[in-house]
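Me: I have a chain open and want a quick tour. Can we go through it together?
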Amino acid sequence: MSTRTAEEIRADRTAALGRALTALLAVTAYALAWIVKRSWRRLLPFYWVAAELALAWVSGPLGLSWQTVGIVALAIAATAAGWRARSRTVRAWRAAIAVVLGGYAVATVAAGGPAAMAAHPTLTMAVPALLGVVLGWPWWHHLRHPTPPAPAPAPVMAAEPTDVVDPLTAHWQRRWEREVLAAKVCEGTTLIEATEPRPGVTEALVRLTPGTKPGPLFKSGPDVEVALDLNEGAIGWRSTGKRAWLRVVLVERSYIADGVPWTGPTYTDGRFEIARFADGSPGQWILSRPRYGVLGGLVVGSTGAGKSRALGALIANALHGGVQVAVGDPQNGQSLPAWRDAVDYHPGIEKTALLVRRVHAEIMRRSELLANAGVEAFDENDPRVKTLGLSPLIAIVDECQLVLIPNTPIVALAEQAGETMRKTGVGLVFATQLPQMKSLGGSVRLRDALVAGNALILRLSNRGSGTTILPDDFVGDPFALQPEIDGKTTAGMGYLRHSNRVGMLCRVPHLDETAAAAAAPRVPLRWNVPEIDPGSPIVLPGHRSPATAAKTGATAGGGSTVDKLRAAFGAGRKSTATVVEQAPATPAEWVLACLRRGPASAQALLDRPDCPVEQSQLYALLGRLKDAKRITPPAQRGGPFTITG
């Protein structure tokens, strides 16, 4: 029988006590964790009791009076009543708890605070704790068992059941994936929403994946039409203001297949309908904008494409809006004969050329008048403009290729007028049936100035030499329009550039020009410059006329012997050095010289009057320069080339 010492017995008891305390601590921690995790709301009434006791206890050391404690208790009660809860009942019960326990806190502080709590612990501590438990139980029960919601009314069967997924969107999503994306068209796009504003017309919202550029998508309309087999429809793109979102208009049944009737002028606030899009929406020509000026434009269409009807609609709407109209007809009255007596008419090549010269002089004169009056941009409603007696003026020149001969001074005159006309209230509209840059005298600057306003490109039948008059970023393919589709003429069909829909096919209304001219109001034209003398030479502002230059040279050559000696030795006159730019020796050097001035596309290089090669030769030359890494090709088809490095 072994005996233990007192130290061993105390050690065993200490170890047993430690194990018991550890087990008790673990059970307590687990119980608290379970209570806090599972039903923490059961402890909420004890929070109120603890707050009441703490408020009464600290009143002594802090020297708080019972009035101050009463104000704090009222604030707590107001907060409990206003705090968001499941129902008003919970708020009211919570406020009641705060009032009861707050009243005990006020009474305890008034009775002595900590001293009263030490003298009467049952009344000041045990009773509030019991009241907290009793008053808090209904609140626990309400939080643990919320009131079941009222039964929902029986659903009323609608006429058409609603699905979670829009069937129209689902239909076009399937077609977009199976017919468009499967044909390698519009890659990098996802159709996410489709609506049907009119029968046969669907507007779909398309999302672009990162890295997809919207430019090539705008030009994919014909490819989408082929992929979706839209024989009588059309495709149009529209920007949504966000780079990653585009809206596409899918027209399965065209509203212009049978023609568009003329219903009269629609001029309002400087714009009017000149064509109707395939989806039935109006295509507007913007003639003027408030505090912006008057815009010009370009109308192109082959013979029988409806160009005269488009110009007739333009003239009729302009006259209806009180705009002064001057028409130049190089074909001696054969282009727009119905409007001979309705507008300021100038038949013949010589008179049309004089009209262009007079319009240029009018623009320069108006610029001077408006600048002196402090007007930055023409606005017909501006009192200062009205005081000057200026009103909008547009000059329409049909068959402009007969007047704008390349490498002639009148081209430079028209180019300068087109670049400066907007702010003066004058607009130039050129029309031609030849889709080549030579129709505008080979001037790219004149083309850009015109299409910056409006561009109506009707059906074209011949691309010519490849130097097409269409801008590089033009959307649509007017060359793909046949004279007839399904036995119906396409006269008047084309593409309107200045519109909210990009690339949508449109048609000019059927216009009886004789009747429209007879019904149009007569707007007298008031010039601020005299008629141009046919014998006077063309002189651009800032340049001297040939007669003045000759006179100056003759004066320099005459005079006394002293003057001749001074002229011989350079005395008495300024030395002027003339810098002559040497022409590039080879076409490759010419291309590099052009690209050093700035990036340019192949079409822009072809459109230059001094281009030394034909289209096929230029493309071969660009290929060789690209292979030699002397130039960088464009990121997309039709884009600009740049110098490498």
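Me: What does the accessible surface of the chain come to, and what share belongs to carbon and sulfur atoms?
Reply: This is a predicted model. Its accessible surface comes to about 35200 Å². Carbon and sulfur atoms hold 58% of that.

Me: How many of the residues count as buried, as a percentage?
Reply: 41% of the 645 residues.

Me: And how many helices and strands are there?
Reply: The chain has 20 helices and 20 strands.

Me: Of contacts between residues at least 6 apart in sequence, what share joins residues at least 24 apart?
Reply: 67%.

Me: On to the inside. Which residues touch the most other members of the largest nonpolar core?
Reply: Trp339, Phe430 and Leu456. That core has 92 residues. Helix α10, residues 307-320, gives the most to it, with 8 residues.

Me: Which residues does phenylalanine 430 contact, leaving aside neighbours within four places in sequence?
Reply: Gly297, Leu298 and Val299 are among them.

Me: What about a second core?
Reply: There is a separate one of 21 residues. Its members include Trp176, Leu217, Leu228 and Leu250.

Me: Changing topic: rings. How many aromatic pairs does the structure hold?
Reply: The count is 1.

Me: Where does the charged end of arginine 253 sit?
Reply: Over the ring of tyrosine 255, 5.2 Å from the ring centre. Arginine 289 has its charged end over the ring of tyrosine 292, also at 5.2 Å from the centre.

Me: Now α4. How many residues does helix α4 have, and what is its reach?
Reply: It runs over residues 88-111, so 24 residues by the count given. From first C-alpha to last, α4 reaches 35 Å, close to the expected 34 Å.

Me: Which α4 residues are buried?
Reply: Among them are Val90, Arg94, Ala95, Ile97, Ala98, Leu101 and Gly102. Further along α4, Ala105, Val106, Thr108 and Val109 are buried too.

Me: How far apart are alanine 96 and alanine 81?
Reply: 8.7 Å in space, C-alpha to C-alpha, and 15 residues in sequence.

Notes:
Residues are numbered from 1 along each chain as its sequence is written. This is a predicted model: local features need pLDDT of at least 70, side-chain atom pairs count only at pLDDT 80 or more; totals for chains, interfaces and linings use all residues. Side-chain values use heavy atoms; hydrogens and water are left out. A nonpolar core is a set of buried Ala, Val, Leu, Ile, Met, Phe, Trp, Tyr and Cys residues joined through side-chain atoms within 4.5 Å. Buried means under 20% relative accessible area, exposed over 50%, partly exposed in between (1.4 Å probe, protein chains only). Helices (H or I, at least four residues) and strands (E, at least two) are DSSP runs, numbered from the N terminus. Contact means heavy atoms within 4.5 Å. Rings of Phe, Tyr and Trp (its six-membered ring) pair if their centres lie within 6.5 Å; planes under 30 degrees apart count as stacked, over 60 as edge-to-face and the rest as tilted. A charge sits over a ring if NZ of Lys or CZ of Arg is within 6 Å of the ring centre and within 35 degrees of the ring normal. The expected span of a helix is 1.5 Å times one less than its number of residues. Accessible areas come from the Shrake-Rupley method with a 1.4 Å probe; for residues, only the protein chains shown count as cover.
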